[in-house]
Amino acid sequence: MKCVEIATTTGPDGLRLAERPMPTVGPRQVLVRVHAASINYRDAMILSGGHARGVDLPRIPLSDGAGEIIEVGSEVTRVKKGDRVCGSFFQRWIDGPVFPEMQNHALGGTAEGMLTEYALLEGDGVVTFPDHLSYAEAATLPCAGLTAWHGLIEAGGLRAGETALLLGTGGVSVFGLQFARAAGANAIITSSSDAKLERAKALGATGTVNYATNPKWAETVVSLTGGRGVDAILDVAGGDSTRGALTAVRHGGFIGIIGGRSGPGGELDRSFILRKGINVRGINVGSRAMFEAMNRAIATAKLKPQIYKTFAMADSVAAYKDFLTGKQFGKVVITI
Ligand SMILES: NC(=O)c1ccc[n+]([C@@H]2O[C@H](COP(=O)([O-])OP(=O)(O)OC[C@H]3O[C@@H](n4cnc5c(N)ncnc54)[C@H](OP(=O)(O)O)[C@@H]3O)[C@@H](O)[C@H]2O)c1
């Protein structure tokens, strides 16, 4: 089978096209003919050697992909041949809290990823996706989509009439905007680009702030809520933005700690947390149960993931390089 491998952790040029033998399906596994995969910032970090958990090389990259089951192991009963599925980011996190043994089996990191014609996955580690989605659209869900769903809805408990704040217009934040609107909540989003803020408005954002031209963006966010503050924030940025999140959140509100897109730092000032009674929680993508709940919501709302550009597998290096420009609004997808 054809696949892409990380040969060296030297950025996109460390990728190579490779040929591997077809995998043999074990009793509790499924074989998926992958049709599309998508890139997350985590994948770009892995490619540069900057990821906390060890990645053995050569490794097939990308956590996010979707395809059709072509073979099931003898003990697999929950899915069948022909099902259209996504791989679950943490193959062994089914439900409840996450433990290290689950985190240590992550697609495209400690386990082989989805940038391949055929992926051997756990029978318990796949999720069927809504009928109205293409493979390319479904391939955006496992990391970016699920992280936003977990943060805002499962952990943040966002409800109709409340307000979410999304920092920047990256993959997680755009899904956060869509989930907030689908839940009947308001969505304020920030960006360094006015053009991206216009795109966000077209997608339903109820408030927009340019964090690059407005150093007091957090105060502006509070004013957009009539002085109350926002109910739930996905902190994908870290750095100085975390202080902004502490300013923007309402008393008793929620901050999901997700990423460090704006760089290192982002220490939490305990005095804010204490005074405002803020609920802070670390978000690790999500479990299979959360993925299934998210897909039910996506099906009900007929929500469409935003795709920026699509590349062929042979052009994977170009796809990663395009992703790293940061110009995208929506996901970079690779079709296989
Ligand atoms: N904990 C988890 O389970 C988990 C899961 C997924 C992602 N993450 C992490 O979350 C972060 C976002 O991931 P992603 O895949 O959505 O990234 P992404 O798509 O690469 O996000 C890119 C966007 O981040 C925004 N950004 C950069 N600096 C910012 C700042 N100072 N303030 C606000 N926004 C800023 C920019 O938005 P504009 O161009 O609009 O300015 C940029 O376009 C990454 O650090 C990733 O590693 C963690």
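Biologist: How many of the residues of E9 are buried?

Modeller: This is a predicted model, where local features need pLDDT of at least 70, side-chain atom pairs count only at pLDDT 80 or more, and totals for chains, interfaces and linings use all residues. Residues are numbered from 1 along each chain as its sequence is written. Strands are DSSP runs of E with at least two residues, helices are runs of H or I with at least four, and both are numbered from the N terminus. Buried means 20 or more other C-beta atoms within 10 Å of a residue's own, exposed means 12 or fewer, partly exposed lies in between, and C-beta atoms are placed from the backbone. E9 is mostly covered, and its buried count is 6 of 6.

Biologist: Which residues of E9 point the other way from Asn 186, Ile 188 and Thr 190?

Modeller: In a regular strand the side chains alternate between the two faces of the sheet. Both sets in E9 are buried. Opposite to Asn 186, Ile 188 and Thr 190 point Ala 187, Ile 189 and Ser 191.

Biologist: In which sense do strand E8 and E9 pair?

Modeller: Two strands pair if DSSP finds at least two bridges between them. Leu 166 stands opposite Ile 189 in E9. E8 (residues 163-166) and E9 have 4 bridges, and the sense is parallel.

Biologist: Where does the ligand lie relative to domain 1 and domain 2?

Modeller: Domain bounds come from an automatic or database domain assignment. The ligand is surrounded by 31 residues, the closest being Gly 168, Gly 170, Ser 191, Gly 259 and Ser 262; near means a C-beta atom, placed from the backbone, within 6 Å. Domain 1 (2-140 + 305-335) and domain 2 (145-282) both give residues to this shell, so the ligand lies between them.

Biologist: Which element gives the most to the shell around the ligand?

Modeller: Helix H1 (41-47), helix H4 (141-155), helix H5 (171-182) and strand E9 (186-191) each give two or more residues. The top contribution is 3 residues, and it comes from H4.

Biologist: How many charged residues does the shell around the ligand have?

Modeller: Asp, Glu, Lys and Arg count as charged; Ala, Val, Leu, Ile, Met, Phe, Trp, Tyr, Cys and Pro as nonpolar; the others, Gly among them, as polar. The shell has 11 nonpolar and 17 polar residues, and its charged count is 3.

Biologist: How many residues of domain 2 take part in its contact with domain 1?

Modeller: The domain centres, taken over C-alpha atoms, are 28 Å apart. Contact means C-beta atoms, placed from the backbone, within 7 Å. Domain 1 gives 9 residues, and domain 2 gives 10.

Biologist: Is Val 285 buried or exposed?

Modeller: Val 285 sits in the loop between strand E13 (279-282) and helix H10 (288-301). Its phi is positive, about 35°, although it is not a glycine. Val 285 has 27 C-beta neighbours inside 10 Å, so it counts as buried.

Biologist: Is Lys 302 buried or exposed?

Modeller: Lys 302 is in the loop between H10 and strand E14 (307-312). Its phi is also positive, near 50°. With 10 other C-beta atoms within 10 Å, Lys 302 is exposed.

How values were computed: Two residues are in contact if their C-beta atoms, placed from the backbone, lie within 7 Å.
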